[in-house]
Amino acid sequence: MKTLFIALILLAGQSDTLNVMFWNLENFFDYRNDSTSVSDADFSPRGSRHWTKKRFYAKCNAVAKGILWASAREGAVPDVIGLAEIENAFVLRRLIQATVLRKLDYRIIHFDSPDRRGIDVALLYRGLKPLDAHPAHLYNADSTIMATRDILVATFIGQNGDTVAFLVNHHPSKFGGAAASEARRNIAVERLRQLADSLQTLGVQKIIAMGDFNDTPGNPVYHIVEPTLWNKAEPFHKKGHGTIKFAGKWELIDMFFVSEPIKNAEMEILDIPFLQTQDKAATGTKPLRTYSGPRYLGGVSDHCPIWLKIIR
């Protein structure tokens, strides 16, 4: 591990590509019960999940190890990491300061969202100069703010002086049924299109949208973001690949969308070997979760991370 980490430090200075990673870390709560959220109470030492300080730091270390494994595989340290299902800034600070990531000098962008479960999206970055960052709310039909995750919008000056924008998404889930919740996800996609169009109007041509969209590329609603953004996940979906396994079948709900100038960016799905487990209900493996119901498994997430490589 030490030799690998030294090699990655050397790789961290390379600037011929821009490497982006996204990972839904599934209920990444701290171990303190310090809010009114039911989920926060569950993820505490006395809560139903018995989420202790030891288990929290074990997850921090497993996430960091997963990022290092991905970096070694891709031959580069990610310049930007989008994250979903993060409780707060404390979790992010512990992830980059109390693990092997501390030597990679990641910085944090995070905003608290109106999500009922108390989970947010966030961005880690290194080697880029931030220009602007803000949360973009989703709105119901009556113009009230939707009680879900915001879309995080962050704009940077890259190492080559180009301007690039990242939009981190975690769209409304299918809880309550896919049909009943479809309108909420459609609103999120429409909001994404509006944000991307606004960025282009401001002169930002390189745009990367990433996230857990809680739907597959097969949904025609994603065509409304074209031609501003193009879905890099669509070829994987057509081949039956996925990032999450449901009822024994892979589904691709974690995706990258990119603007025309970087349309040739290369996406990959990362199956991290030590964060996979045998799927006893079907063939093959599946991501190793932190919990299966109330039972602690010691994994990270039910999602595989995804990677995007952009040639500068």
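1. The structure holds 16 aromatic pairs. Rings of Phe, Tyr and Trp (its six-membered ring) are paired if their centres lie within 6.5 Å; planes under 30 degrees apart count as stacked, over 60 as edge-to-face and the rest as tilted. One of the pairs is Phe43 with Tyr291, edge-to-face, at 5.9 Å centre to centre and 85 degrees between the planes. This pair links distant parts of the chain, 248 residues apart: Phe43 is in the loop between α2 (38–42) and α3 (53–74), and Tyr291 is in strand β16. Helices (H or I, at least four residues) and strands (E, at least two) are DSSP runs, numbered from the N terminus.

2. The model is predicted: local features need pLDDT of at least 70, side-chain atom pairs count only at pLDDT 80 or more, and totals for chains, interfaces and linings use all residues. Residues are numbered from 1 along each chain as its sequence is written, and side-chain values use heavy atoms, with hydrogens and water left out.

3. Phe43 and Tyr291 are both buried, that is, under 20% relative accessible area, with exposed over 50% and partly exposed in between (1.4 Å probe, protein chains only). Elsewhere, ring pairs link Phe28, Tyr31, Phe56, Tyr57 and Phe90 into a cluster.

4. The largest nonpolar core has 53 residues, and Leu123 and Phe166 have the most contacts inside it. Such a core is a set of buried Ala, Val, Leu, Ile, Met, Phe, Trp, Tyr and Cys residues joined through side-chain atoms within 4.5 Å. Helix α5 (residues 178–201) supplies the largest share of this core, 6 residues. A second, separate core of 37 residues includes Trp23, Phe43, Ile81 and Val300.

5. Beyond its neighbours within four places in sequence, Leu123 is in contact with residues including Val80, Ile81, Arg107, Leu152, Phe166 and Met210. Contact means heavy atoms within 4.5 Å.

6. The largest pocket has a volume of about 1500 Å³. Of its 46 lining residues, Glu26, Ile244, Arg289, Asp302 and His303 are the closest to its centre. A pocket, on a 1 Å grid over the protein atoms alone, is an open set of points where a 1.4 Å probe fits, with protein on both sides within 12 Å along at least five of seven lines; lining residues have an atom within 4 Å of a point. The volume is the space filled by probe spheres set on the points, which are joined across faces, edges and corners.

7. The second largest pocket holds about 150 Å³ of space. Among the residues that line this pocket are Trp230, Phe236, Lys263 and Met267. α6 gives the most to its lining, with 3 residues.
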